[in-house]
Amino acid sequence: MSTPPRLRDQGPQSGAEIALDYARRMFERQHLPLPPLGFQVDWADQPSRHKLYTDTVKTPLPEPFRSMPPVGVGAALRAARSPRADAPGVPDLGVLASMLGCYGVTGRRTTPNWNDDSHAKIRSDQAVWARPTASGGGMYPAESYLVAGRSGPLPPGVYHYDTAHHSLDRLSTGDRCGAIAAATGVRAELYAVVTLRFWKNAFKYNSFSYHVVTQDVGALLASWRLVLAAHDTPLEPVLWFDEAAVGGVLDVDGHDEAPFVVVPLGRTTANLSANPTSGAGEAARVDAGAAHRVWEQSSRVRSFELVSRVHAAALVGDRPRPGPEAARAGAVALPEIASGDALLTLPGPAPEAADLDVGNSLRSRRTSFGLFSARPPLDARDLGWVLSSVAEAGRTGTDVAPAPREHAWTGQWVLSNSVAGLERRVYRYDAARGGLIAGATLDVGRLQQLYALTNYSLQEVAAVVVVTGRLDALVEAYGAPGYRMLSIEVGQAAQTAYLAATARGLGVGAVLGLDNIGVDELLGIEGSGERSMIFMLLGHERAPRLGYDHSLYRFDGHGKPGAAGEGSMR
């Protein structure tokens, strides 16, 4: 593994200052290029999309989503924002297979579109694989681990989820739950942990990668929430924990790969132990000896100074967890509506009879690169459905902001281009009242000028949903970890929008390529403490796809195993 470079002395910056400086550079990157200047992506030496252990025994998993109950996305979101309730026991292997399979490979994509890889994906050596969860640039830098105790469907030990083979790598034997409990303050019978392997994304996005990958963590967490909520098991992920202690259990170095979220599963209790090495002597590495060997496709693995600096600043370590009252600092509050302002009430977001359930939405999720059409206009009911779904996801609980949660850390704005009954203008979404507050007139041509890429024509997009957050306030409340915690919530909002739109048969795509500064000016929020964070494109696609894509699993239209026509997985 590579070692992080020695960082240049930039004076006595605090962790919060480092995080805000990094974020400012990310928001200004279309105006001031990021270092290293002149960076070129070496596609011939790119890393594998999968972390592959070469010396472990694999445990096969059941097919993902085979046993998913037919719970709708809306119902699952309502369950997900409920306070965590202890399950009778840890999830069985079928549930774990669906949860972990949210990041696994579910099919091959060959359908032509306007993305840069469209011309090459038909070649066997450049195949593009479908996954239920979105990832910035399709890099998939997150890794999933299970830490199993003495009860549950797995022998005690530490396991890594192999996304390429939908199986578990058993890394060590013995019960390590005590060490995780000490590091998180929550004792459970089973833990799922999300880490990030930075190089899997940084090889393409270099200094921009930390901003992207922390949102990827949130996208995966949103998928896990919905799968578990469909099984009537709301989650309360732990975001504030000792990363070094958890990384030690997983045998990751904390620099090239580091843990970002711990999810306790099954029965939980508060853990009073302050010793993060509790239980360390109970385990032994499988095939004991040196660290496990991991195959690395790249001949050269690099670190980037800005990424190393902000990652080090945002580590929690052994700092005490702030109380839940600190979460109020990040609340995105609506201003009082002036007497002349009208609230445009959106039609009720009740699900339609033809909506896909959670399992089918995950299997069908895709990005609508270059496929949007502004005609026919988007139904306002569909827009309201997506907006309300994202708002529900913003009310789900974590250790630092437990459910029932009154204040979301993300807000939503709509840039309406072709929505039935709406003018072409900027709107603010009022989640509490289910309506829109009209703002400035929208110049769609100007909006296209703010987009740095070529894979979308924004004039063909019905609406752009802008997810916003109060970054400075959260960093003030939590220090530098507030930046990564907000990014996780933003990624969760994006994946929720994907699944809500997919459930209703809409085209959808998340982008970070819009100029944040220019969009903030369009919204009129510059200098307010609220910032644009990510952009969700919504609308109808031009025509049904013709069945080029191919599923690895065969299901009928109701999520049950059986015959399925080609193209059922998109």
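A residue is termed buried when its relative accessible area is under 20%, exposed when that value is over 50%, and partly exposed in between (1.4 Å probe, protein chains only). By this criterion, 59% of the 570 residues of the chain count as buried. The model is a predicted one, in which local features need pLDDT of at least 70 and side-chain atom pairs count only at pLDDT 80 or more, while totals for chains, interfaces and linings use all residues. Residues are numbered from 1 along each chain as its sequence is written, and side-chain values rest on heavy atoms, with hydrogens and water left out.

**View 1. The chain as a whole contains 14 helices and 20 strands.** Helices (H or I, at least four residues) and strands (E, at least two) are DSSP runs, numbered from the N terminus. A contact denotes heavy atoms within 4.5 Å. Among contacts in the chain with a separation of 6 or more, 82% are made by residues 24 or more positions apart.

**View 2. Helix α3 (residues 93–100) is mostly covered.** Of its 8 residues, 7 are buried: Gly 94, Val 95, Leu 96, Ala 97, Ser 98, Met 99 and Leu 100. The elements that cover these buried residues include the strands β5 (142–148), β6 (157–162), β7 (167–173), β8 (186–197) and β9 (257–270), together with helix α6 (209–230).

**View 3. Helices α1 (residues 15–27) and α8 (residues 305–313) pack with their axes 8 Å apart.** Two packed helices are described by the angle between their axes and the distance between the axes. Axes are lines fitted to C-alpha atoms, for helices over the stretch in contact, and angles run from 0 to 180 degrees between N-to-C directions. Angles under 35 degrees count as roughly parallel, over 145 as roughly antiparallel, 65 to 115 as roughly perpendicular and the rest as oblique. The angle between α1 and α8 is about 140 degrees, and the two helices are therefore oblique to each other. Gly 15, Ile 18, Ala 19, Tyr 22 and Arg 25 of α1 meet Leu 306, Val 307, Arg 309, Val 310 and Ala 313 of α8. By class, this contact of α1 with α8 comprises 7 nonpolar, 1 polar and 2 charged residues. Here Ala, Val, Leu, Ile, Met, Phe, Trp, Tyr, Cys and Pro count as nonpolar, Asp, Glu, Lys and Arg as charged, and the others, Gly among them, as polar.

**View 4. Helix α2 (residues 73–80) crosses α6 at roughly 95 degrees, the axes coming within 8 Å.** This angle makes α2 roughly perpendicular to α6. The contact involves Val 73, Ala 76, Leu 77, Ala 79 and Ala 80 of α2, and Arg 225, Leu 226, Ala 229 and Ala 230 of α6. In the contact of α2 with α6 there are 8 nonpolar, no polar and 1 charged residues.

**View 5. Asp 253 lies in the loop between α7 (243–250) and β9.** Asp 253 counts as partly exposed, because its relative accessibility is 31%. A polar atom of the Asp 253 side chain lies 2.9 Å from the backbone nitrogen of Asp 256, and a polar atom of that side chain lies 3.2 Å from the backbone nitrogen of Glu 257.

**View 6. Val 57 is located in the loop between β1 (52–53) and β2 (58–60).** With a relative accessible area of 54%, Val 57 is exposed. Beyond its neighbours within four places in sequence, Val 57 is in contact with Leu 168, Asp 169 and Arg 170. The C-alpha atoms of Val 57 and Arg 170 are separated by 6.1 Å, although these residues are 113 residues apart along the chain.

**View 7. Backbone geometry in selected loops.** Most residues other than glycine have a negative phi, and most peptide bonds are trans. Pro 35 and Pro 36 are joined by a cis peptide bond, with omega about 0 degrees, and Pro 36 belongs to the loop between α1 and β1. His 166, in the loop between β6 and β7, has a positive phi of about 50 degrees and is buried, with a relative accessible area of 9%. Asp 232, in the loop between α6 and α7, has a positive phi near 60 degrees and counts as exposed at 62% relative accessibility.

Definitions and conventions: A polar contact is a pair of N or O atoms within 3.5 Å; within protein, one must be able to donate a hydrogen and the other to accept it, and residues adjacent in sequence count only if both atoms are side-chain atoms.
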